[in-house]
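Please look over the sequence and the model below before reading on.

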Amino acid sequence: MQYVSRLNIHSALAILGEHMKNRPHFILLSYLVFISSIFTHNVYGKELNFASYEMEPYVGASLEQEGAIAEIIASAFAQSNNKIKISYFPVARAKSIKNSKKYLGVFPVIESTVSIEDYALSDPLPGIQLGLLKKKSNLDFKSYDSKRIGLLRGTALKVVKPEFKNAIMVEVNSLEQLLKMLDLGRIDYVLIDKHTASDLIVKTLPYLIGQLDFVPASRNYLSVHLAFNKHNSPESTKALAAFNQGLKHISATGLVSKILYKHGLLAFESQHDK
């Protein structure tokens, strides 16, 4: 798509001055300048507001470029000359932005964890590897019935495996709290991404290094998305189209892989939800 520059608008205004006496030309050029101004205002150099939550090493206010996922999203929008601004909230609150006109969307979102009546999902972004983390000293159970599985409130409850249906799902507000509960024996497992678990343990809970491991074959790859608030249409519809187009471009040029490599996450698979 070719964008109308401010220079072109100024040139059109100059032409208007030369043709003021020619009314038909004046009306036509006035209309063109008006349309160009609207288009430029809507697309060129705009700052777009999104809600998010801390999920290191993917997204976080203290991370370089606010994390790999945030940098990929910013790079995709940069293809249409747009910038993004991220506001951080607890997970459940971030996903309730449908009630606010301030935010165009929220990320990172796993498919089926938000209402399709309220949100339109972008094309898939590089995802997470969600699995069950346990203490090495605990035996593997043949069944998850009545077992306590901890997860971050508002994240992945709707995408857990069918074999967890009789488990006791324990939702809390922070991953650090979940790992501490696991260490104390208050829960049997934590449903968590492998990179997030490693990052959190090394940075915050180093005494747990070597004490935990993932249940074999429990990890699933889940792509994440930027969820656009349908209640902010038509602006969110335009932003969704611009984002998907930008994401395809930076994926094709290899920029996505470069960003993942820079953040130490190149092991991501490029595929849809399994």
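This is a predicted model: local features need pLDDT of at least 70, side-chain atom pairs count only at pLDDT 80 or more; totals for chains, interfaces and linings use all residues.

Residues are numbered from 1 along each chain as its sequence is written, and side-chain values use heavy atoms, with hydrogens and water left out.

**The chain as a whole**

- The chain has eight helices and 10 strands, where helices (H or I, at least four residues) and strands (E, at least two) are DSSP runs, numbered from the N terminus.
- Of the 274 residues in the chain, 45% are buried; buried means under 20% relative accessible area, exposed means over 50%, and partly exposed lies in between (1.4 Å probe, protein chains only).
- Among the contacts in the chain with a separation of 6 or more, 73% are between residues 24 or more positions apart, a contact being heavy atoms within 4.5 Å.

**Salt bridges**

- Side chains of opposite charge can pair when their charged atoms come close.
- A search of the whole structure finds eight salt bridges, each being a side-chain nitrogen of Lys or Arg within 4 Å of a carboxyl oxygen of Asp or Glu.
- One of them joins the side chains of K203 and E56, at 3.4 Å from N to O. K203 lies in helix α6 (residues 194–204) and E56 in the loop between β1 (47–52) and α3 (68–78), so this pair ties together parts that are 147 residues apart in sequence.
- K203 is exposed, with a relative accessible area of 52%, whereas E56 is partly exposed, with a relative accessible area of 23%.
- The side chains of D213 and K134 also meet in a salt bridge, at 3.7 Å from N to O. Since D213 is in strand β9 (residues 212–214) and K134 is in strand β5 (residues 125–135), the pair ties together parts that are 79 residues apart in sequence.
- In this second pair, D213 is partly exposed at a relative accessible area of 27%, while K134 is buried at 5%.
- E176 forms a salt bridge with K180, and their closest N and O atoms are 3.2 Å apart. Both residues belong to helix α5 (residues 175–183), where being four residues apart separates them by about one helical turn.
- E176 is partly exposed, with a relative accessible area of 30%, and K180 is partly exposed as well, with a relative accessible area of 35%.
- Salt bridges that share partners join E56, D199 and K203 into one network.

- The buried residues of α5 are L175, L178, L179, M181 and L182. They cover an arc of only 160° around the axis, which puts them on the same side of α5; the arc is that of the directions from the helix axis to the C-beta atoms.
- The elements covering these buried residues include β5, β6 (148–152), β7 (168–172), β8 (189–193), α6 and β9.
- Just after α5, G185 takes a positive phi of about 80°.

**Aromatic pairs**

- The count comes to seven aromatic pairs: rings of Phe, Tyr and Trp (its six-membered ring) pair if their centres lie within 6.5 Å, and planes under 30 degrees apart count as stacked, over 60 as edge-to-face and the rest as tilted.
- F228 and F243 form a tilted pair, with 6.4 Å from centre to centre and 55° between the planes. This pair links F228 in strand β10 (residues 220–229) with F243 in helix α7 (residues 235–252), 15 residues apart.
- Both F228 and F243 are buried, and F50, F77, F228 and F243 form one aromatic cluster.

**Two further residues**

- D118 is found in the loop between β3 (105–110) and β4 (119–121), and at 14% relative accessibility D118 counts as buried.
- Not counting residues up to four places away in sequence, D118 touches K98, F228, N229, K230 and H231.
- G264 is found in the segment after α8 (255–262), and at 57% relative accessibility G264 counts as exposed.
- G264 and H195 are 69 residues apart in sequence and 9.7 Å apart in space, C-alpha to C-alpha.
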